[in-house]
Amino acid sequence: MDLALEEARMAAARGEVPVGAVVVFNGEVIASAGNRTRELNDVTAHAEIVVIREACRIVGDERLIGADLYVTLEPCTMCATAISFARLRRLYYGAEDPKGGGVDNGVRFFSQPTCHHAPDVYSDISGQSAAEILREFFAERR
Ligand SMILES: [Zn+2]
């Protein structure tokens, strides 16, 4: 999660909403990324999507069976769906997102009958640090 937090800080430095994500496979970090929606003019370039794409490229598979995702903010519905489709084993996330989350808030995608694979979810992993990075970012923008 420390590496995900570092990715979040680097995203903030690029002017992106500071969210960072890391994929761990067989005990090793295989990919890490931050939000790149502004840089790429791509609303789907959330940290989770970027890191899943990169991890799949490295593994050479469309699925990441047995891999774990660390992300600093509760994934939105789009990212929760991608996590499910990628068959990730575990999801560790930092801060809860009552406004935009889709895991423990909003649609709670993993609990829906249309969700065919749900990872084990661990919330509030370094949640305070993750929330602090977001708070600082938005405070500076006001
Ligand atoms: Zn997302």
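**Reading a sheet and its helices**

Trainee: How many bridges join strand 1 (residues 20-25) to strand 2, and which way do the two run?

Mentor: Six bridges join them, and the strands run antiparallel. Strands (E, at least two residues) and helices (H or I, at least four) are DSSP runs numbered from the N terminus, and two strands pair if DSSP finds at least two bridges between them. This is a predicted model, where local features need pLDDT of at least 70, side-chain atom pairs count only at pLDDT 80 or more, and totals for chains, interfaces and linings use all residues. Residues are numbered from 1 along each chain as its sequence is written, and side-chain values use heavy atoms, leaving out hydrogens and water.

Trainee: What stands opposite Phe 25?

Mentor: Glu 28 in strand 2 faces Phe 25.

Trainee: Which elements does helix 1 touch?

Mentor: Helix 1 (residues 2-13) packs on the sheet against strand 1, strand 2 and strand 3 (68-73), with contact meaning heavy atoms within 4.5 Å. Helix 5 (residues 127-141) also packs on the sheet, touching strand 3 and strand 4 (90-95).

Trainee: What is the strand order of the sheet?

Mentor: The open sheet of five strands reads 2-1-3-4-5, with mixed pairing. Strand 2 (28-34) and strand 5 (120-122) are its edges, each pairing on one side only.

Trainee: At what angle do helix 3 and helix 4 pack?

Mentor: Axes are lines fitted to C-alpha atoms, for helices over the stretch in contact, with angles from 0 to 180 degrees between N-to-C directions. Helix 3 (residues 47-59) and helix 4 (residues 77-85) pack at about 25°, their axes 9 Å apart. They are therefore roughly parallel (angles under 35 degrees). Helix 3 contributes Glu 48, Ile 49 and Ile 52 to the contact, and helix 4 contributes Met 78, Cys 79, Ala 82 and Ile 83.

Notes: Angles under 35 degrees count as roughly parallel, over 145 as roughly antiparallel, 65 to 115 as roughly perpendicular and the rest as oblique.
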